[in-house]
Structures are given as C-alpha cells and as structure tokens.
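The following exercises are to be worked through with the sequence and the coordinates at hand. Each task is followed by a solution in steps.

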Amino acid sequence: MNDDSLRQDLDPQSDQSSDYLPPQPHPLPSQPNPHPRRPRGFAATAAAGSAGPISPSTKGRREREKEKERTKLRERLRRSITSRMLAGLRQYGNFPLPARADMNDVLAALAREAGWVVEPDGTTYRQSPPQIVGAYSMNLRSVEAPVSLECHPQSVARIDESLSPDSLDSVVIAEKNDRFSSGSPAMNSVNCLEADQLMQHIPSATGFAPAPYVPLYVTLATVFVNNYCQLVDPDGLRQELTHLQSLNVDGVVVDCWWGIVECWSPQKYDWSGYRGLFNIVRKFKLKLQVVMAFHEYGRRESGDALIPLPKWILDIGKENQDIFFTDREGRRNTECLSWGVDKERVLHGRTGVEVYFDLMRSFRTEFDDLFVEGLISAVEIGLGASGELKYPSFSERMGWRYPGVGEFQCYDRYLQQSLQKAAKLRGHSFWARGPDNAGEYNSRPHETGFFCERGDYDSYYGRFFLHWYAKTLIDHADNVLSLASLAFDETQVIVKVPSVYWWYKTPSHAAELTSGYYNPKNQDGYSPVFEVLKKHSVTVKFVCSTSNDGDEALGDPEGLSWQVLNLAWDRGLTVAGENALSCYDREGCMRIVELVKPRNDPDRHHFTFFVYQQPSPLVQGTVCFSELDFFIKCMHGDVAGNLV
C-alpha cells in the first residue's frame, strides 16, 4: 500500500465519487442580472394579482399614473374639439383668429361679433346698452348698472362645508325658490329679478316681441329719368320724396338702366340724369340703394320694350342672334344677354362680364363723392331676367302665362357648346341636347314626360342636364360677383333671388327647374347657389310672394320662403326682402311682416332691410297711404299689428 492510497483512506473529506464524474468546465465570472421590464396592460393586472397584497404606496402610484393617462386623453380630445371650432369659425364665420388661437381669442371674437368691446387686457363692455323697442315700453335696468344686494339680504345662502355636492345643489335650489316666492316689496322690483324672472314679467305682444327695427326702402318709379338720361319732372320727384319722408321711410331704391346709360356707343356712359336725381335725394337726407339693371324694362302694346338693351347691343344681335337666350323653337329673348357670352369676345372685342364690369366701374368712379359721403348704402347687381338670378323662362312676350312650367333657355350656340363639352367630359356625347319631352311654356308637369312623377328629370340623363343647367347659373353669378366685388369694394352688394313657388308641391318642382334651380323634392337646389353668394359676402334679397292661388298650381309660397330663408341664415348670409307687385292690401302686407320678422324664432332672425315696390309714384294715388303707413310702422316696430 502506497502513501497516496493511505492518505485517501485517512481523509474523511475526500469524495471518491468524483472519480466517476466528468470534468467540470471552468466557471465564468459572475454578470449582473438586467432589470426585468415592468409588465403593462393585462400583464400588469395578472402580475399584480399573483404578487399578493399591494402596499398603499404602490397603489397610490398606480392611481396617479392612471390619472395622468386620463388627463392626456382629455387634453387630446379638448385640443381636437378646439381645432374644429377654430376651423369652423375661420371658414364659415370669417373670424380673424390667429394661427395659434386659444379660447380667450375665441371668446373675444364672439363678444366683438355680438357688439361688445374687448380691450387688450380683457376688459369687456358695451358701448351703449341695448334698447328694447316694441309695442310696449318698460323701464329696465341697464346691463352695465351694478346689481344691488341690499334689496335681498336674505338671499345669501349659508352653506355647510361638510355637505356633499348633491346636498349643496338642493340647498341652493331651495334657497332660490324661497327667494322668488317671497312677497317682500324688495323682491318685486325689476332691478332684483334675474333674467328668467324678468322675461316672465314682459307682457306678450300680439305681433313680434321684441320687435326689431327693420329699415324700409321704397323703389322710385322709372318715369323720372327718360331714355336719353335726362331728369324728367323734378317737381314731381320732390313731391314724391316729401310723401315718403312724411311716412318715415329710411331710403329709396333707384334703378340705373344699362340701356339708358350706355345706349348709343360702347363705353360711352351718360350719368347726367341720375346725377340730378341723386342730388335731389341728398337734400331729403334719405339713404340710397342703386340697382345695376342689365336687363330690359317693360313692354308697350306694340311689343317694344320701354327701356330696351343698349342700341349697339341690339345691332350686334341682328348679326349674331346667339348672344341672346334661345328656347327650343329657336325664338330669341332679348330681355338680357345669354350667359354663354360671359367669356366670349363677341361684344366689340369684350366679353359679357367685361361689359358689366366696365359699367359698374364707371358708376363707382362717377359717384365717388356719394360713396364717400355714405349716401349710397348698397348696390344691387342684376344677374338675369327681371334683375333676378334666374333664366328668362317665364317670358310673357313668348306667350307664357301663369302657371305654366316655362321652357329651358339653353339653345343658343354658346350654351350648346358648353353642354357638348360637359357631355363629352362625362363620357356620353349623345347627352349634348336639351330635353325633347319637357312641353312648352304653358304646359303642366303631368302633361310632360320630363316633369311628370317618375319622369325623365330623375333619370341619369335628366340629372346630368339639370346639374349642368344649374351650374351655368351659378358660374354666371360667380363670374359677375367677382368683378362686382372689385368695383364696389367695401360697399354692400345685393343679389335678388326669385320666388318660383308654383308647382312646388309636385315631385319635380318643374318651374324651378326651368328657371335654373335644381330643387326637386330629393335635391337641395339653393345651397350651391348660397355657397357662391357667401363666398362674395353678398346680401340675399328674396322676393316675398303672398299669392293665394297656390292650390291652383300646387304651389307653396310659404314652404319655398322658409326653405330659402333658413338655408341662407344657416350659412350666415344676411337676408333682405322685396314684395311682389301684387302685395298692396293689409292682409298681404301682414303676411310679409311675418316673413320679415318670424315669430317664435329662437335665433331671432329677421331681415336686414325691406324694399317696397310700387307700380307708379305715390302721388298718383295707386297705393293707400294709411295701409302703407301701417306697414312701415310694423317694419319699424312701432306697432305689432293684427296678424292674419
């Protein structure tokens, strides 16, 4: 036995089993363990459940993190809402908000729009307190007057701080009910009432409460300026203005006829007669609205126009009749120029819109002193037949009689070229034609294949044609108003919208279709028009009809009026009105007042002004002075009137 074996036998710590194990590798140096990732979401919930009870500090930290996430979500939502609000105010309200506007900028802009004055430091006040005008009078406390607390010292609520929010609400409501049920003399004074209590004490009027003041203008007859642009019968004009002044009208409306001013030669303008007329109006201190009338006026028994288009235009028309609107039979309507020549240089080297613009610019230059003085308050732009934005589809010269559907006016060469181009772009060149089953001027909708119920107006071709027909009207308005805005910068511009109410209760709205408004029962034909008018910030003057013969032609004057007015107001347009020539009795006038000042309108909409048309001068006695005086007082809010 050798020494090694003896040593192993004597060493109790020796492990003999190691002889049978494989050799162990050399151990690596120890490395620090990386921090485990903190679980999130469902993993965090599961980990929290398996980790046993959570300490109060950990629970508080988690609640704070959740609250931070909720705060971030609320902030993102608030910012998105604010962004949409700012975009809407800039786009539809024309608010000059800065790029990085906050709610203070929005509040300031809204306050200024409502008539308040907002200082840079935030001080807000009214320059003058609002006055309530109507058929009654009350002595109301001014908005700026401080509220005295001495009249109801018992109204101060003593609140226990330990109460919950629900209990706090009940205490405040009970306290308020106790205050207003009190019979103390102090509580019966107007100064101590809140807004809701104050409105209960205002007596209800039978008319319009509160009654806004609507300025009223009267259209002067055309007899005071003859076809040679000479002032006729100045004494009769003074007598007419004296009568109007005695009735407290706010101003007058004067038609400036293209056929008089530029009658003989292109770009040779004669304003002498209108200069004399305006000077007389100035002496009576009446406001003045002027109409740029680019259409003919009236007809003699012989068929000739009382005031035709300029002679040089008619001379061009003898050689090129396509400058006038044309019906399906090829008959030319010389009431106004076709919209097809708006951009065609066929008027001695000028386009249609250039001719209109040159006349408007000449007027603005000639009467610059009256614009600076403020005598001319607004300018109306004639955009079609009768000065209204419509096709001449109801021409009595062509044999039309109410309630015929009229005819489409798109058969001149230039509008046909436009239709062919639109059909080609659509991919259906055979659609480049007008309807061949739309009847004639005096047809009824059910007598035609195009306007009858389920007729071709609602076919693929019918929708294409009517869309093009209406778009031509809209493009004409856009082209002319773009130049009118340049000619009459900073002056109120007015556009007259017609009231084509007959056949309104039929599915096709046939008369509106031929006049250029694509407004069947399944289509809104006025919104696209109002979008263009809103673009140019014009005032819509709606022709208010009070006809009672709507049942004969399935018409609805009231329904059409409310559609047009509400669409215009919803788009932020200012709205004015003008009566049809048949509205002279008290019943018709009071129906107009209902349109001008709608009752029970929560937004308090009303017309900005109203124009009263008369068939002849007042001095000829065709209009009853007492009826007109009553109508004017209703417009001014002096009386409420007995509504029908």
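**Exercise 1.** How much space lies in the largest cavity? State also which residues line the largest cavity and how they divide by class.

*Solution.* The model is a predicted one. Step 1: a search of the whole structure finds 2 cavities of 30 Å³ or more. Step 2: the largest cavity holds about 100 Å³ of space. Step 3: its lining consists of L220, A221, T222, F224, V225, V254, D255, W257, I260, Y274, L277 and I307. Step 4: sorted by class, these lining residues are 10 nonpolar, 1 polar and 1 charged. Step 5: β4 (251-257) and α9 each supply at least two residues of this lining, and β4 gives the most, with 3 residues.

**Exercise 2.** Describe the second largest cavity by its space, its lining and the classes of its lining residues.

*Solution.* Step 1: about 80 Å³ of space lies in the second largest cavity. Step 2: the residues around this space are F294, H295, C336, L337, W339, Y356, G382, L383, G384, G387, H476 and V480. Step 3: two or more residues of the lining come from each of β9 (332-337) and α14 (460-487). Step 4: the lining comprises 7 nonpolar and 5 polar residues, with no charged residues.

**Exercise 3.** At what angle do the axes of helix α7 and helix α9 cross, and which residues make the contact?

*Solution.* Step 1: two packed helices are described by the angle between their axes and the distance between the axes. Step 2: the axes of α7 (residues 234-246) and α9 (residues 272-283) come within 10 Å and cross at roughly 35°. Step 3: the crossing of α7 past α9 is right-handed. Step 4: α7 contributes P234, L237, R238 and L241 to the contact, while α9 contributes L277, I280 and V281. Step 5: the contact has 6 nonpolar residues, no polar residues and 1 charged residue.

Note on methods
Residues numbered from 1 in each chain as written. Predicted model: local features only at pLDDT ≥ 70, side-chain atom pairs only at ≥ 80, totals over all residues. Heavy atoms only, no water. Axes fitted to C-alpha atoms, helices over the stretch in contact; angles between N-to-C directions. Helix = DSSP H or I, 4+ residues; strand = E, 2+ residues; numbered from the N terminus. Left-handed = near helix turned anticlockwise from the far one by under 90°. Contact = heavy atoms within 4.5 Å. Nonpolar A, V, L, I, M, F, W, Y, C, P; charged D, E, K, R; others polar. 1 Å grid on protein atoms, 1.4 Å probe; cavity = no way out; pocket = protein on both sides within 12 Å on 5 of 7 lines; lining within 4 Å. Points joined across faces, edges and corners; volume = space filled by probe spheres on them.
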